[in-house]
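Colleague: I would like to learn how to read the side-chain features of a model such as this one. Could you take me through them, giving the general idea before each case?

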Amino acid sequence: MEGRKGPDSTDYTEQKDINMKNQLKKGIVSFDVDMTLLNHQDWKIPISAMKALERLRTQYYIVIATGRDMDAKFSVGLTELIGPDAMIQLNGTKITADGRILYEHLMDQELVRELLQFTEGKSFAMGVTVGSEDYFMNAEYVTRHDMIRWGQSDRSFQDPWKLLEMPVRTMAYIGKEPGAKLVEEAFPQVKLPMFSSREGADVIERKVSKADGLARLCEYWEMPVSQTIAFGDSMNDYEIIKMAGTGVAMGNSPEDLKKIADYVTAPIGEDGIWKACIHLGLFHEDPAQ
């Protein structure tokens, strides 16, 4: 299904407000969530990263650029904690700003059907979490993954075929890299960039990406791409880090991502975001700290 815009373009008053706000902003800083902002070692955002966000938001638009659905149960509270001006969700298939949807793209239902049929009986899982419910083919692999990662699994599994009656933007793959490559070979129209843990991937149509989302926000805020900074740690950040005016790879990123970044900072657990902001001159170190 082709992408579609949200409600009609902003009226004159709204656009005037945006233009006035732009005069006070230097640019856009986007952040991936998992292992860029959110440390999976303790499932917290480092204190230094929170301080960096507060320093940045006075002069820059703060954007979440994530593979997550920020309305799903695993993301509850994160939006409020981070306080973004806009969100590029589900790898660019849903873009929201100022409380409204600017753009969304849905997978064709026939593609969803074919992916589920291909997955059935394989040694990996594929599906979607919608709110508090989980629609996965081969759900046992999701449970196994949860038990290894968290020591528990409290999923509410539903019939995955019900996805054919629901809007699907992206899907999640749970399994090893060989299985992901198998899917890509069978479906050249999709890509499966592996998570930094190498235990799963997003299932994304090749015609959408976080980079597309950033470009749309640049247009919305009338901000040149050269005035954007993108932080990320996984291969689903590849396009946005490559496109941004300055692309920053976390120290815990795979080597392929580090190679195309303009700057490689320290890992998330070693104050990577704060250190990159200081290095890039986005703000100065507080002498009192």
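**Salt bridges and their neighbours**

Modeller: The structure holds 14 salt bridges, and please keep in mind throughout that this is a predicted model. The general idea is that side chains of opposite charge can pair when their charged atoms come close. One case is Asp 32, which forms a salt bridge with Lys 210, the closest N and O atoms lying 3.1 Å apart. This pair links distant parts of the chain, since Asp 32 sits in the loop between S2 and H2 while Lys 210 belongs to helix H7 (residues 210-221), 178 residues away.

Colleague: Are Asp 32 and Lys 210 buried or exposed?

Modeller: Asp 32 has a relative accessible area of 4% and is therefore buried, and Lys 210, at 1% relative accessibility, also counts as buried.

Colleague: Which residues does Arg 68 pair with, and where does each partner lie?

Modeller: Arg 68 forms a salt bridge with Asp 34, with 2.7 Å between the closest N and O atoms. Here too the pair links distant parts of the chain: Arg 68 is in the loop between strand S3 (60-65) and helix H3 (78-82), and Asp 34 is in the loop between S2 and H2, 34 residues apart. Arg 68 is buried, with a relative accessible area of 13%, and Asp 34 counts as buried because its relative accessibility is 19%, the cut-off being under 20%.

Modeller: A further case is the salt bridge in which the side chains of Glu 104 and Arg 169 meet at 2.7 Å, N to O. Glu 104 lies in strand S6 (residues 100-104) and Arg 169 in the loop between strand S9 (157-158) and strand S10 (171-174), so that distant parts of the chain, 65 residues apart, are linked. Both Glu 104 and Arg 169 are buried. Salt bridges can also share partners, and in this way Asp 32, Lys 210 and Asp 237 are joined into one network.

Colleague: How should I read aromatic pairs, and how many are there?

Modeller: One looks at the distance between ring centres and the angle between ring planes, with planes over 60 degrees apart counting as edge-to-face; the count comes to 7 aromatic pairs. Phe 118 and Phe 187 form an edge-to-face pair, 5.5 Å centre to centre with 90° between the planes. That pair links distant parts of the chain, with Phe 118 in helix H4 (residues 109-119) and Phe 187 in the loop between helix H6 (177-186) and strand S11 (190-191), 69 residues apart. Phe 187 is buried, at a relative accessible area of 7%. The rings of Tyr 220 and Trp 221, by contrast, have planes at 50° and centres 6.0 Å apart, so this pair is tilted. Ring pairs also link Tyr 61, Tyr 220 and Trp 221 into a cluster.

Colleague: Which side chains does Thr 129 join through polar contacts?

Modeller: Thr 129, placed in strand S7 (residues 125-130), has a side-chain polar contact of 2.6 Å with Asp 134 and another of 3.4 Å with Arg 155.

Note on methods. Residues are numbered from 1 along each chain as its sequence is written. This is a predicted model: local features need pLDDT of at least 70, side-chain atom pairs count only at pLDDT 80 or more; totals for chains, interfaces and linings use all residues. Side-chain values use heavy atoms; hydrogens and water are left out. Helices (H or I, at least four residues) and strands (E, at least two) are DSSP runs, numbered from the N terminus. A polar contact is a pair of N or O atoms within 3.5 Å; within protein, one must be able to donate a hydrogen and the other to accept it, and residues adjacent in sequence count only if both atoms are side-chain atoms. Rings of Phe, Tyr and Trp (its six-membered ring) pair if their centres lie within 6.5 Å; planes under 30 degrees apart count as stacked, over 60 as edge-to-face and the rest as tilted. Buried means under 20% relative accessible area, exposed over 50%, partly exposed in between (1.4 Å probe, protein chains only). A salt bridge is a side-chain nitrogen of Lys or Arg within 4 Å of a carboxyl oxygen of Asp or Glu.
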